Amino acid sequence: MSESAGAPVSVAPALRAALSGVIDPELHRDVLSLGMISSATLQDGYARVELLLTIPGCPAARLLEERTRSACETVTGPGRTQVHTSVMTDAQRRALVEKIRGRRARTPFGPGSRTRVIAVASGKGGVGKSTLTANLACTAAAAGERVGLIDADVYGYSIPGMLGISASPTKVGELLMPPSAHGVAAVSIGMFVPDNRPVSWRGPLLARTLEQFLGDVHFGPLDVLFLDLPPGTGDMALTLGQLLPNAEVLVVTSPQPAASTVAVRAGLLAQKLGQRIVGVVENMSWVETPGGPFPVFGTGGGTRTAEALSAETGTAVPLLGQVPLTLPLRESADAGRPVSEEAPDDPAARALGELWRALAARKPARARIPRGGAGRGGAASTGPAPERPAGR
C-alpha cells in the first residue's frame, strides 16, 4: 500500500494502476508514490478519490484534479468519478519531501549523476555568453532533451528575461519547483529580487546561492543541465569546481584578441579544477548585412582560443561552432523567446543547432535517465537562504 506520513492508504485495487499513471507536473512522480492520495474507493461502479495538494493555492491543483479524474474514468467510465481535494498536513508534506530527497549528497548533479552538466564560461563580459546559453538550452530542449538551466551570474542575472519567465519558483517544504519556458526549467536569483534590484553580495553568499540552486531546486529527471557562469575566474567558477568536478565547460569568446586571450584563462581554470573542457564556441563571429557577412569584431578568436587551450592542456580542445550576430537573435532575446522558434532559418538559429549537435556528439558515455523516472532533489543546505516566494 502507499503511505502518507506513515499511515496506510486505502486504494481500491482496480484504481491503483490508473492512479499510478497520474504524474505531478512539477514533482515528476506519480501521486500514489508521493502520498498525494489519502483514499480511493470503488463502489457500485463509482469512484471517490481524496487528493492531497501539497500547499493551499497549489498552482497545479486543477491539472492534478483533471488528471486524477480522467485516469479513474478509464476504470469507471465517464462521469462516474468524484475527486475531492484537501491540503497536506505539515507531517505529510515533510514525508513527501523526504521521499523526493532520499539520502543525497550536497547536489544530485555531482559525480555519478546521469545528468550531463555543461557550464558555459567566458573570460570577460560582453561576448554574448548568456544569450548563447539561453538559446542553446532551448535548442537542446527542441531536440527532445530534458533541460534545466541555472543562472549562476548572480550580479548580471539575465536568463529570466531571455526566456520570457516572469513567474517565481514555488515552494514545497524545503524544495523549490523552477518555472519553465520553451521546454527549459530555469532558476535565477532574478526570480527572488524584486523590481530588478542589484545584488551586492560577497563571495560566501555567492557560493551559498549556487549550492542552494544545485541542492534545493527540484528539476526532476534531466538529460542536461546548463549553467550560465559569470565572466572571469572568481568565486562561482571555484565553487562550481568544488560541487561539480564532473561538469563540462564550454568556453565562449568573440573573435577579437582581447576576448580570446582572456577566454583561455577560464578554460585553464576549469582544467585545473579537474573539469573537462568540452570545446570553444566563437560568438558574434560576424554581422549579417545585406551585402553579406561582415566580421565587425575581427576574425580568428575561436581558433586562437581552441589552439591555446589544446597546447596548454595537452588535450585536443575543438572549436565547436561560430555563431553570427543577427537582428533576429537580438530581437528574440529581448522578447524572451529563442531565435530557433522566432526565426528558425536565421543564420544564428542554424549555427546554434549545429553547435548543439556538435556538443551532443561529444557527450561522455553515460546511462540515459529513463523517461518518467523518479526526480532527484538535492540535500538541504545550511545557513541563510535568499528570500523565497510562497510555496506550492
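Q: Contact means heavy atoms within 4.5 Å. Which residues does Thr-305 touch, not counting residues up to four places away in sequence?
A: This is a predicted model: local features need pLDDT of at least 70, side-chain atom pairs count only at pLDDT 80 or more, and totals for chains, interfaces and linings use all residues. Residues are numbered from 1 along each chain as its sequence is written, and side-chain values use heavy atoms, without hydrogens and water. With residues up to four places away in sequence set aside, Thr-305 touches Val-251, Thr-253, Ser-260, Ala-263, Val-264 and Val-280.

Q: How many residues of strand S8 are buried?
A: Strand S8 covers residues 147–151 (a strand is a DSSP run of E, at least two residues). Val-147, Leu-149 and Asp-151 point one way, while Gly-148 and Ile-150 point the other way. Both groups are buried, which gives a count of five of five.

Q: Which residue stands opposite Val-147 in S12?
A: Two strands pair if DSSP finds at least two bridges between them. S8 runs parallel to S13 (residues 224–228), with five bridges, and there the partner of Val-147 is Val-224. Five bridges also join S8 to the parallel strand S12, residues 184–188. In S12, the residue opposite Val-147 is Val-184.

Q: Which residue in S5 is the bridge partner of Ile-37?
A: Look at S4 (residues 37–43) and S5 (residues 46–53), which pair in the antiparallel sense over six bridges. Across this pairing, the partner of Ile-37 in S5 is Leu-51.

Q: Which helix supplies the largest share of the lining of the largest cavity?
A: A cavity is a set of points on a 1 Å grid where a 1.4 Å probe fits but cannot get out, and lining residues have an atom within 4 Å of a point. Among the lining residues are Ala-121, Leu-229 and Gln-275. Helices H7 (235–243) and H8 (257–272) each supply at least two residues. The largest share, three residues, comes from H8.

Notes:
Buried means under 20% relative accessible area, exposed over 50%, partly exposed in between (1.4 Å probe, protein chains only). Helices (H or I, at least four residues) and strands (E, at least two) are DSSP runs, numbered from the N terminus. On a 1 Å grid over the protein atoms alone, a cavity is a set of points where a 1.4 Å probe fits but cannot get out, and a pocket is an open set with protein on both sides within 12 Å along at least five of seven lines; lining residues have an atom within 4 Å of a point.
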